[in-house]
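Please look through the structure below.

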Amino acid sequence: MPYRLELTGITKRFPGVLANDNVSFAVKPGEIHALLGENGAGKSTLVKMIYGIMQPDAGEIAWDGQVVNVTNPKAARKLGIGMVFQHFSLFEALSVLENIALGMDAKIPARELEARIREVMNTYGLLLDPHRTVATLSVGERQRIEIVRALLLDPKLLIMDEPTSVLTPQEVEQLFDVLRKLAAQGCSILYISHKLHEIKALCDTATILRGGKLVDTCDPRQETSRSMAEKMIGAGLKDIVRQPGRSMGKPKLVVSRLSTRKTGHFDVPVDDVSFTVRAGEIFGIAGVAGNGQNALLDALSGEIIGDDKDAVTIDGYPLGLLGTTGRRKHGLCAVPEERNGHAAIGDFSLSDNSVLTARDRLGMVMLGLINSGAAKTYTGKVIADFAVKALGPGSTAGSLSGGNLQKYIMGREILQKPSVLVVSQPTWGVDAGAAAAIHQALVDLAAAGSAIVVISQDLDELLALCDMLAVINLGHLSPARPVDGVSVEEIGLLMGGVHGTMEGADAVPA
Amino acid sequence: MQFRLEKRLEPSRLMLYATPIAAVLLTMVIGAVIFSLIGYDGIGAVREIFFTPLTNAFKWQDLGVKAAPLIIIGVGLSIAYRANVWNIGAEGQYVMGGLAATWVALSTYGMSGWWILPLMMLAGVIGGAAYAAIPALLKTRLGVNEILTSLMLTYASVQLVYYLVRAPWKDPMGMGFPQTRIFSEAARLPTIIPGTIVHMGVPIAVAVALIAWFVMSRSVFGYQMKVVGAAPHAARYGGFSENKTIWLAMLVSGGLAGMAGMLEVAGPFQRMVPGFPTNYGFTAIIVAFLGRLNPLGVIFAGIVMAITFVGGEVAQTSIGLSSSATGVFQAMMLFFLLAGDILVRYRIKRVAPAAEARA
């Protein structure tokens, strides 16, 4: 029996980078095949060529034993290749049915389409009401629309690009059930991820890419997560080093009844959030994206200023009415989730980016003038201490890779020795080496007596890093509990929160 | 065949500075072609407009006097535009500055003293800034687009000039002409080079540009303008209020336009006349962009624009070109500059038409 998909010697070059270098592997019918690699390893480029978004510079793609030329996504769909992207392309104001109809290549009458959608949903247990407006759906439900859209075409190969990064653990399990059912019926699945335990749980074969080259094709069930991670980053993995037996100090950051107002139409405000972080403690806030994390970070950093001075206090000092500058002067530094255009300015040099948040705490301003020498020295120190790969303080922030920019941003805040540091998604899109360095720096800062709040969607990160954990859902924060005694299922249920129950009540299978 | 614009990874530094020069050169070439095609001496027009003012030493003083207000207003606009605050109404602020200075001059008519000119200067700056405060207030309080309000206020200011010179401020001895009386000696700008028309405004313009350059490159104020313009979200994170920035940008650009108005009314005009609004405020928009929103660049851009004004007048008499020709050349310059900027930041990519699906 021929391979469903076979790649031979695929090479793709971009100006300055070899994105894929002579990559060959094959996917059998009904196989769940993982494509594993760090950010920038070339997974996305490879998949884009399979789906016809790009053309390879060299090498060939064979489909069911025939060499094919996939000129565009339409041709790929015609062959039987479906793809679910990491970022959904859905119109929030339209219904599920309308969104699916818009994405179809062929014109199908609405009634017939609805019948087929219900059929697909029933077969695979994808519960969803076709008439609901997308804006009212959770991220997991939105992903189901994309999956249904791909399944309507009876694909023989389904490509899933990082599908679980936005899901709760329970939603991940449901997704895996669907994928296993599909595979059992002979559909091959190409599953892109860097989450090793998922790959171990789901996949039959794993192809590992590093720096555009194929490193290994292995059976993930025979490997340990650690051995695969080391193949992925090409070096030994460093563990977080913690000082044993450290004790927490007095309450440092106290947040009480913090609320924000709703601003945009699809924006989630925080509602009556209270928690306490002690000196030396790392406090984790888990949650599925879009549950008020951004508003919470802005309300803590001072970008959103409330009307209660005691909503945020450090060592009893009220900060609630101060803006970001005032809060920084009192020792509260913050790192927002979005690096480009929020935490840093791409067109500015790193040195000028240091002025953005460090100017007052480190005395870079005298009589209204900026001491660019001091900014340059400080930036040089950040680059050296955090091993930022940059030509120097004069490099523009935009010229750095995501991981290096994040190391610079974290370094810029941590070296200011804040007594409270609030970070959102500290290792989002950062390679494993940089992520380990950032985690270690946070642990060290806590060991020095600072209180740290980490807001993240990556549960593994929070479990490894934090002392206390709470979950944010629709702007509400659950009570905090010590990370040692907490189960993933429990956290997962909290993350699903209200969504989980609404889903059960509303979904109408045909 | 289809074409598509694709963003360049890093725009070339060299091209960033070369495009203004290329825009001026292209303007000359295309201008010569166009005016030849419509039956004028195209090459002569370009020669008269761009080169005669430079080769004829007698025209240099005109260049200085024309460039001064363009530079002062252009510097103010370059600061505001850096912060993405689009003050299009510098002409109105220039007029209001001129009127405020005129009010001081008429109120102190017949008096003498060194303090009169500084007082007029102060009035001019306040007048311009106050007029720019209206769009700032509307923008920060009600979210009204400052482009529209500042532009429309310009026309209101021109009507105010017409009213004032025809009624309350009309020269009693002026035989019915709609104009104010000539300011007294103490309210007129002294010339600084004897025998020429070069007045105090010329060195002031250069000083304003140098100070603005220093402030923009070294101070927290300049940093704030640039951050808000480049990344408003990051500016908020860095502790800079967007509304405060809008106010600062509007007041500074309006104040400088008002200062230019004072220098014009106390220098070349020496009285308020209906012809006082001379579009310096609009031309300065081109100056600000041609100067790459950099105060030092604005000095050169102001001189280039002054050349086209002076040259345009030369061409009117020597080869009978209409006065509108100057406007055509200036507009072409801005057009080529903006088009060039697109090509510096983006590249044109040819896209083959989507091939039919082949399997």
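B:Leu37 is part of helix H1 of chain B, residues 13–37; helices are DSSP runs of H or I with at least four residues, numbered from the N terminus. The model is predicted: local features need pLDDT of at least 70 and side-chain atom pairs 80 or more, while totals for chains, interfaces and linings use all residues. Residues are numbered from 1 along each chain as its sequence is written, chains are lettered from A and ligands numbered from 1 in written order, and side-chain values use heavy atoms, without hydrogens and water.

With a relative accessible area of 71%, B:Leu37 is exposed. Exposed means over 50%, buried under 20% and partly exposed in between, with a 1.4 Å probe and protein chains only.

B:Leu37 also belongs to a nonpolar surface patch of about 710 Å², together with B:Leu26, B:Val29, B:Ile30, B:Val33, B:Ile34, B:Ile38 and B:Tyr40. Such patches join nonpolar side chains (Val, Leu, Ile, Met, Phe, Trp, Tyr) within 5 Å, and like charges within 9 Å, from residues with over 30% relative accessible area and no salt bridge; a salt bridge is a side-chain nitrogen of Lys or Arg within 4 Å of a carboxyl oxygen of Asp or Glu. Areas come from the Shrake-Rupley method with a 1.4 Å probe, and for residues only the protein chains shown count as cover.

In chain B, B:Pro53 lies in helix H2, residues 42–55, and is buried at 0% relative accessibility. Leaving out residues up to four places away in sequence, B:Pro53 touches B:Glu48, B:Lys59, B:Trp60, B:Leu63, B:Ile307, B:Val310 and B:Gly311, contact being heavy atoms within 4.5 Å.

Methods:
Helix = DSSP H or I, 4+ residues; strand = E, 2+ residues; numbered from the N terminus.
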